[in-house]
Amino acid sequence: MTTTSRLPTYFISHGGGPWPWMKKEMGPTYDKLEASLADMPRQIGRTPAAILMVSAHWEEPAFTVMGSPRPPMIYDYGGFPAHTYQVHYDAPGSPELARRVQSLLEAAGLPAALDAERGFDHGTFSPMAAIYPKAEVPVVQLSLRRGLDPAEHIALGRAIAPLRDENVLIVGSGLSYHNLRNFGPQARDVSKAFDDWLDGAVVRTTPQQRIEQLLHWSAAPAARIAHPREEHLIPLMVAVGAAEGEAGERIYHEDAFMGGISVSSFRFGATSA
């Protein structure tokens with residue numbers, strides 16, 4: 001899997017639960033996010049050989065790679081309509097890529113494991129339904145590591161960076177704001193404060209400053225209101241680590257999502273589009 005130019009990396013806000021299958025119920029709520037995700041293939045300018053997805057919804061003691069050639073579905077949500085527990089995203093896995101990721105992590109001295117049974121959670125299958133709706137591109141999930149140490153996940157990104165030159169698209173899937181107890185119009189000010197900081201930290205800084213600010217993200221304005229627990233932010237560290245030294249760009253932003261929340265997604269590094 002080689003190509004003449006490297007792919008960018010992404011940190012995407014993946015939305016709530018099985019939203020692509022709830023358009024009747026949700027109306028236009030996700031239209032802007034869906035349009036942003038659907039534009040990613042145009043941005044990268046070619047079809048990747050595979051996608052490595054780091055989802056906020058999978059944590060393990062060691063960084064663990066999905067090894068199944070036909071990943072099943074994990075309906076890791078509750079309280080949604082019955083039909084959303086029957087949806088399928090039937091992209092193939094890639095045991096070859098899984099072994100390659102494991103070898104890169106081991107070479108970097110990071111704890112690594114394979115899981116031959118793990119399926120797609122909604123942090124993967126919901127955004128992928130918008131990015132590649134035909135499910136024609138192989139997808140492999142990579143877990144977070146328990147403890148959610150920012151430095152460790154930046155190091156993870158550095159370790160898997162060579163995949164960008166092998167036509168593998170690295171995507172960190174989380175949410176730029178994730179406080180389900182403080183959602184809607186009442187979160188307008190706190191979500192904006194954190195989102196403004198996040199945009200500044202990852203777009204309007206030098207690469208060295210970006211790493212330093214992300215290592216200390218919890219000191220940002222409204223940080224612990226935006227992320228009482230940081231699992232939905234940590235995939236950003238992986239995307240940044242894999243494109244260390246390269247520019248960042250905000251590719252999606254809303255300031256009135258769900259009635260008032262500021263949310264964003266980012267791209268890092270090269271693009272051929």
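What follows is a walk from the helix packing to the aromatic rings and then to a few loop residues.

Reply: Happy to. Please keep in mind that this is a predicted model.

Let's start with the helices. Two packed helices are described by the angle between their axes and the distance between the axes. Here the pair is α6, covering residues 150–160, and α10, covering residues 234–241. Their axes come within 6 Å and cross at roughly 40°. Angles under 35 degrees would count as roughly parallel and 65 to 115 as roughly perpendicular, so α6 is oblique to α10. The crossing of α6 past α10 is right-handed.

Which residues make the contact? From α6 come P150, H153, I154, L156, G157, R158 and I160. On the side of α10, the partners are I234, M237, V238 and G241. Sorted by class, the contact between α6 and α10 has seven nonpolar residues, three polar ones and one charged one. Helix α10 is mostly covered, with eight of its eight residues buried. Those residues are I234, P235, L236, M237, V238, A239, V240 and G241. The α10 residues in the contact with α6, namely I234, M237, V238 and G241, are therefore buried under the 20% cut-off on relative accessible area.

Now to the rings. A pair of aromatic rings is described by the distance of the centres and the angle of the planes. The structure holds 12 aromatic pairs. In one of them, Y77 and F80 have ring centres 5.3 Å apart and planes at 80°. Planes over 60 degrees apart count as edge-to-face, so that is the class of the Y77 and F80 pair. How do these two residues stand in terms of burial, buried or partly exposed? Y77 is buried at a relative accessible area of 12%, while F80 is partly exposed at 28%.

Another edge-to-face pair is made by Y89 and F120, at 6.4 Å centre to centre and with 65° between the planes. This pair links distant parts of the chain, as its two residues are 31 residues apart. Y89 sits in the loop between β3 and α4, and F120 in the loop between β4 (112–115) and α5 (122–131). Both Y89 and F120 are buried. Elsewhere, Y77 and F80 belong to a cluster linked by ring pairs, together with W21, Y75, Y85 and F125.

The loop that holds Y89 also holds S94, between β3 (63–66) and α4 (95–107). S94 is buried, with a relative accessible area of 14%. Leaving aside neighbours within four places in sequence, S94 is in contact with S68, P138 and V140.

Finally, the backbone. Most residues other than glycine have a negative phi. N167 has a positive phi of about 65° although it is not a glycine. This residue is found in the loop between α6 and β6 (168–174), and N167 is buried, at 12% relative accessible area. M258 is also a residue other than glycine with a positive phi, near 50°. Its place is the loop between β7 (248–257) and β8 (261–268). Whereas N167 is buried, M258 is partly exposed, with a relative accessible area of 32%.

Note on methods: Residues numbered from 1 in each chain as written. Predicted model: local features only at pLDDT ≥ 70, side-chain atom pairs only at ≥ 80, totals over all residues. Heavy atoms only, no water. Axes fitted to C-alpha atoms, helices over the stretch in contact; angles between N-to-C directions. Helix = DSSP H or I, 4+ residues; strand = E, 2+ residues; numbered from the N terminus. Parallel < 35°, antiparallel > 145°, perpendicular 65-115°, else oblique. Left-handed = near helix turned anticlockwise from the far one by under 90°. Contact = heavy atoms within 4.5 Å. Nonpolar A, V, L, I, M, F, W, Y, C, P; charged D, E, K, R; others polar. Buried < 20%, exposed > 50% of the residue type's maximum accessible area, 1.4 Å probe, protein only. Phe/Tyr/Trp six-rings, centres within 6.5 Å; stacked < 30°, edge-to-face > 60°.
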